[in-house]
Amino acid sequence: MKRDVPSLALYAQVKDHISRKIQDGTWAAGHRLPSESELVAQFGISRMTVNRALRELMEQGRIVRVAGVGSFVAENKPQSTLLQIANIASEIRQRGHDYRCEMLAVERVAASPDVAAWLDMRAGTSVFHSVCLHLENDTPVQLEERYVNPLVVPDFLEQDFAAVPPSEYLVRNVPFDQIEHVVDAVLPTAEQASRLAMEPTDPCLLLTRRTWTRNTPVTWVRCLHPASRYSLGSRFKADGNPSFG
């Protein structure tokens, strides 16, 4: 390899080489990458250049680096749909992984001005509030905070959410005819980062959902996902109808 190629092109070549091996399936999830020394010898470049390529691949979620052990192809991030209300428990179990839900709060509270606005009610009105943490193979993948309209779901606080998580209970028992989804890129608070076992400087995907039944708001929920472990997306036909299966 020529030494006069700009360093940016060199580190990009290393990234492209590794990415192509991952993309075409040559290196499957969990495959151990060549060491930095091997890549230095293969490409005839500096260790600093190789390190930059590996660091950027790690930041993009393509590889995982373990200090003193090496670099490995990362597992594909699970993707949740935006065109319907996803059942995260079912999604995780369909991947053959263990699912667990930790209920952190289930209570009746007075609606703050923003909650009242989202649920179309007066501030201070009594609403139900729940917070739960969804885990895949004991790794947190979603922190869910939910507000529920008691006029529509009066028995919400009486449910055993250890057996059936709040979202699944509502989908099963409360008919809805409208869904609104909004996705934002955000940074977690210190408390949220601690709950999700991540750094406060790492980005998150925030899915905000509202549902209605006969024009009456049912619930307003915010689902926070570590961006490195989860993605959100949908597939649909040209006529606008979702494509499933």
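Colleague: What should I know before reading the numbers?

Modeller: This is a predicted model, where local features need pLDDT of at least 70, side-chain atom pairs count only at pLDDT 80 or more, and totals for chains, interfaces and linings use all residues. Residues are numbered from 1 along each chain as its sequence is written, and side-chain values use heavy atoms, leaving out hydrogens and water.

Colleague: Why is H17 called buried?

Modeller: Buried means under 20% relative accessible area, exposed over 50%, and partly exposed in between (1.4 Å probe, protein chains only). H17 has a relative accessible area of 14%, so H17 counts as buried. Its place is in helix α1 (residues 7-23); helices (H or I, at least four residues) and strands (E, at least two) are DSSP runs, numbered from the N terminus.

Colleague: Which residues does H17 touch, not counting residues up to four places away in sequence?

Modeller: H17 touches W27, Q42 and F43. A contact means heavy atoms within 4.5 Å.

Colleague: And why is V66 called partly exposed?

Modeller: The relative accessible area of V66 is 38%, so V66 falls in the partly exposed class. V66 lies in strand β1 (residues 63-66).

Colleague: What makes β5 largely enclosed by the rest of the structure?

Modeller: Ten of the eleven residues of β5 are buried, and therefore β5 is largely enclosed.

Colleague: How do you know that β4 and β5 pair?

Modeller: Two strands pair if DSSP finds at least two bridges between them. Eleven bridges join β4 to β5, so with that definition they pair, and they run antiparallel. Within this pairing, E102 stands opposite L133 in β5.

Colleague: How many bridges link β5 and β6?

Modeller: There are nine, again in the antiparallel sense, and V131 has E145 in β6 as its bridge partner. In the hairpin of these strands, with two residues between them, N137 takes a positive phi near 50 degrees.

Colleague: Where is the pLDDT under 50?

Modeller: pLDDT is the predictor's confidence in each residue, from 0 to 100. It stays under 50 over residues 1-8, for which the model has ten contacts beyond four places in sequence. Residues 79-83 are also below 50, and that stretch has 25 contacts beyond near neighbours in sequence. Where pLDDT is low, the predicted coordinates should not be read in detail.

Colleague: What is the average pLDDT of the protein?

Modeller: The protein averages 84, and 85% of the residues score at least 70.
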